[in-house]
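Work through the exercises below with the model open. Try each task before reading its solution.

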Amino acid sequence: MSTDPTNPDAPRVGVDEWVASHEQRRTERSGLLGVVERELARVPSPAFYLGFGVAAAILPALTTNGYIINVGVNTLLYMLLALGLNITVGYAGLLDLGYVAFYGFAAYGYAMLASPKFGLHWDTLAVIPVVVIATVILGFLVALPSRRLVGDYLAIVTLFFGELFATVYQNGESMSLLGFTKPHDITGGPNGIPNIDQFNVFGSHIQALDYKAYYYVALIFFMVLLFAVYLVDRSRTGRAWRSLREDPLAAELMGMPVNRLKLIAFACGAGIAGVAGTIFAAVNTAVFASEFDFTSGLLIIVYAMLILGGAGSLGGVIIGALVVNVSLEVLRDPGHATWVFYVLIGATLLAKLRPWRWLAVVAAGTVGFGFAVHAIVSSAWPRGVHGTAAVGGALGSGLSHWVILPSNPTTIGNIAFICLVLAVLVLTLLHGWVQKLAMIPTLYLAAFVWENRLVVEPSITRLILVGVILIVLMNARPQGLLGTSRVEIV
Amino acid sequence: MNWNLFVTELVSGITHGSVYALIALGYSMVYGILKLLNFAHGDIYMVGSFIGFGIIDVAGGATNLGIPVWLLLFIMLFCAMLGGGLLGVMIERFAYRRLRNAPRIAPLITALGVSFFLENGAQLVLGAQYRSYNSFSWRSPIALHGFTLPAQARISYAGVIVIIGTVVLVIGLTLFVQRTQLGKAMRATSFDREAASMMGIDVDQVIVATFFIGSALAGAAGVFNGIQYQQLWPYMGFTAGLYAFIAAVVGGIGSLPGAVLGGLTIGLAQAFSIGYISSTFSDAVVFAILIAVMIVRPSGLLGRAAVSKV
């Protein structure tokens with residue numbers, strides 16, 4: 001048997017006829033882009049992580065804007081969270097919906113050991129190991145009852161655990177042991193724990209609000225843990241996790257200790273959340289239970305990051321956290337958000353709409369449709385165009401001649417929002433030219449809803465956006481941006 | 001023994017439990033057929049509740065109704081069930097159908113996304129504030145001739161409506177599942193989807209019907225909750241859905257009597273722990289029950305042990 005790879009017709013070890021005949025069809029980009037792509041594929045992934053670390057390390061040198069550094073700290077915390085979740089969900093395939101509770105547990109743990117609350121002011125070098133180990137043990141205990149059961153039960157136990165955590169800490173200002181002892185104030189209840197110490201090592205401590213210092217602390221933790229996870233991923237345990245994810249039954253038949261692997265994955269994820277939690281508490285100098293419950297959206301945001309980047313991919317963790325957190329930050333400012341909204345819609349059309357003449361038809365149609373509607377409305381119902389666009393400048397003045405901006409848009413905007421959701425759903429059912437033509441009014445409706453409702457309520461729009469990311473990605477590209485697609489063999 | 005407190009908590013537990021049971025039925029039905037935790041189910045309950053609220057509003061508000069109260073109640077239930085059912089079918093069609101053969105985790109994450117989308121969409125459209133069904137005359141306690149319960153322990157007309165309504169819906173559902181052809185198809189699909197489709201059952205149709213019926217029950221639960229407890233807000237579906245799901249697990253997921261039993265168990269456990277321990281620990285008690293059931297009897301109180309075939 002020949003194993004000469006240059007001769008595609010010859011049978012090779014591990015390659016059957018079908019693979020041999022189809023291998024040639026794997027499309028590679030031609031030209032310069034193809035060369036770049038092939039060369040990039042040969043660079044080992046740690047080099048990319050290192051590149052990210054270097055780029056992130058010089059960011060504070062480029063800007064003195066405190067806001068950007070603050071966003072950077074938040075993004076790094078999200079990256080740490082996504083990194084931990086990546087182990088549990090991405091590698092081991094366990095749906096951990098109480099993940100944020102571990103983050104909160106560690107944040108409260110740091111707050112209790114290093115604040116005037118109980119008069120304890122431990123050294124940070126002591127607090128972090130104690131808190132992280134406690135979080136790992138907690139993760140272990142939570143996963144323990146559902147270790148024998150299918151993943152769905154784990155999801156429900158962890159989801160309820162997360163809710164339980166938030167409720168107990170929210171009401172922890174007078175805790176007694178089932179009424180046997182007199183009430184003690186453990187968590188400060190809704191007031192949380194304020195005045196948390198900064199990181200201090202052997203007496204020297206980080207100045208309050210020194211985001212740059214915390215940025216480097218978070219970056220160092222992230223890089224160290226990233227490489228640790230990278231090594232674990234390539235170890236026996238990492239391979240075992242992935243086989244567990246793909247087929248638990250087969251993994252068990254191969255003699256893998258399935259239960260122990262699940263518990264380890266769960267506890268590792270919780271531990272990384274614990275590290276993030278301690279930094280979070282020190283940066284914000286106060287913790288509140290409401291920051292960690294379901295309605296805060298933290299859990300869904302971390303999931304969106306993981307899914308967007310691609311579960312099971314370390315590069316995806318970086319990209320996902322970066323993209324999601326930066327876009328959520330951008331949404332805070334209506335002017336920026338409007339630009340991003342129209343650029344994003346334009347880019348999506350540019351990427352998805354083929355052939356090009358349809359793109360031209362839809363774009364021209366939408367613009368024309370808008371001016372026509374605007375003209376009709378301004379003559380029939382002048383009050384309908386009295387509002388002003390949220391964005392200023394040329395885009396703003398252009399928009400106010402194109403989009404209908406009623407002077408009191410709340411009710412009509414709400415109805416339009418529901419119509420928009422329905423229109424988008426119907427759009428997914430249509431095909432061919434009908435779909436393209438139906439796009440024109442839908443796009444206009446989207447612009448209308450955006451200008452009148454979404455841009456006015458940025459805090460809700462962020463959360464709606466996160467939900468949409470999860471639904472759309474799971475339906476359109478479950479492997480995310482950087483993940484590899486998986487084939488489930490039944 | 002303080003009987004006032006006991007009876008108050010008993011009544012509160014049964015009415016809460018009825019609402020949980022109705023939601024749990026839908027959870028259990030969908031899980032039985034698709035093996036999918038439909039996290040958005042609780043939010044359908046929320047939408048149902050708001051549909052009822054909207055109808056009271058259209059009818060002129062609770063204080064000056066243009067129509068008899070029983071007619072209003074009927075319209076509210078009908079619209080909430082229809083609206084909830086249609087919403088459920090839409091969610092199935094657009095969010096879950098493409099993922100039916102995807103890895104297990106994909107539809108779960110989608111369900112989380114749908115739930116979050118509905119909650120925040122509702123918050124955008126309806127505002128974050130608490131709404132109220134307002135007081136109707138049916139909130140007043142029932143007085144029987146020659147027999148009055150202590151003031152604390154009286155059951156209101158609303159409580160009676162909720163309990164009777166739940167019983168009627170559960171009986172209707174049981175008859176439907178046991179007696180009709182579609183019900184039989186549902187049971188077959190839940191037993192073995194592949195074999196059912198080979199026997200000529202239109203599995204898609206069965207799944208749509210399941211989503212419709214389960215979501216309609218959640219919509220009815222939303223109205224019942226509004227009648228009894230008045231308050232509604234966009235995030236109400238999350239906690240209620242969570243308790244209902246635990247109820248379904250405790251009763252035995254996939255089993256309809258189990259869902260009802262589980263709903264009552266959770267409702268009573270919650271009510272009594274609020275009454276006798278503290279409201280902070282009621283969640284902990286429910287959690288303890290969940291863990292205990294999962295350790296001692298993983299298939300739930302009335303569920304059959306699942307045998308996984310390879």
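Residues are numbered from 1 along each chain as its sequence is written, and chains are lettered from A and ligands numbered from 1 in the order in which they are written.

**Exercise 1. Confidence in chain A**

Task: Find the elements of chain A with the lowest and the highest mean pLDDT.

Solution: 
- Start with the scale: pLDDT is the predictor's confidence in each residue, from 0 to 100.
- Take the chain next. Chain A has a mean pLDDT of 83, and 89% of its residues reach 70 or more.
- Now go to the elements.
- Read with care: where pLDDT is low, the predicted coordinates should not be read in detail.

**Exercise 2. Two chains in outline**

Task: Describe the secondary structure, burial and contacts of chain A and of chain B.

Solution: 
- Helices (H or I, at least four residues) and strands (E, at least two) are DSSP runs, numbered from the N terminus.
- Chain A has 19 helices and four strands. Chain B has eleven helices and two strands, in the order α-α-α-α-β-α-α-α-α-β-α-α-α.
- A residue is buried if 20 or more other C-beta atoms lie within 10 Å of its own, exposed if 12 or fewer, and partly exposed in between; C-beta atoms are placed from the backbone.
- In chain A, 40% of the 490 residues are buried. In chain B, 53% of the 310 residues are buried.
- Two residues are in contact if their C-beta atoms, placed from the backbone, lie within 7 Å.
- Of the chain A contacts with a separation of 6 or more, 72% join residues 24 or more positions apart. For chain B, 76% of contacts between residues at least 6 apart join residues at least 24 apart.
- Chain A is assigned domain 1 (49–330) and domain 2 (336–456), with bounds from an automatic or database domain assignment. Their centres, taken over C-alpha atoms, are 40 Å apart.

**Exercise 3. Helix 14 of chain A**

Task: Which residues of helix 14 of chain A are buried, and what covers them?

Solution: 
- Check the length. Helix 14 (residues 334–352) has 19 residues and reaches 27 Å between its first and last C-alpha atoms, close to the 27 Å expected at 1.5 Å a residue. The expected span is 1.5 Å times one less than the number of residues.
- A:A337, A:T338 and A:F341 are buried in helix 14. Seen down the axis, the buried residues fall within an arc of 105°, so they line one face of the helix. The arc is that of the directions from the helix axis to the C-beta atoms.
- On the other side of helix 14, A:V343, A:G346, A:A347, A:L350 and A:A351 are exposed.
- The cover over the buried residues includes helix 13 (314–330), helix 16 (393–400), helix 18 (432–452) and helix 19 (458–476) of chain A.

**Exercise 4. Single residues**

Task: Is B:V223 buried or exposed? Where do A:T285 and B:K35 lie?

Solution: 
- B:V223 is in helix 8 (residues 203–229) of chain B. It counts as buried because 32 C-beta neighbours lie inside 10 Å.
- B:V223 touches residues including B:G48, B:M76 and B:A80.
- A:T285 is in the loop between helix 11 (258–284) and helix 12 (298–309) of chain A. Its phi is near 55°, positive in a residue other than glycine.
- B:K35 is in the loop between helix 1 (3–34) and helix 2 (41–58) of chain B. B:K35 also has a positive phi, about 55°, and is not a glycine.

Note on methods:
Predicted model: local features only at pLDDT ≥ 70, side-chain atom pairs only at ≥ 80, totals over all residues. Lists of a residue's contacts leave out its neighbours within four places in sequence.
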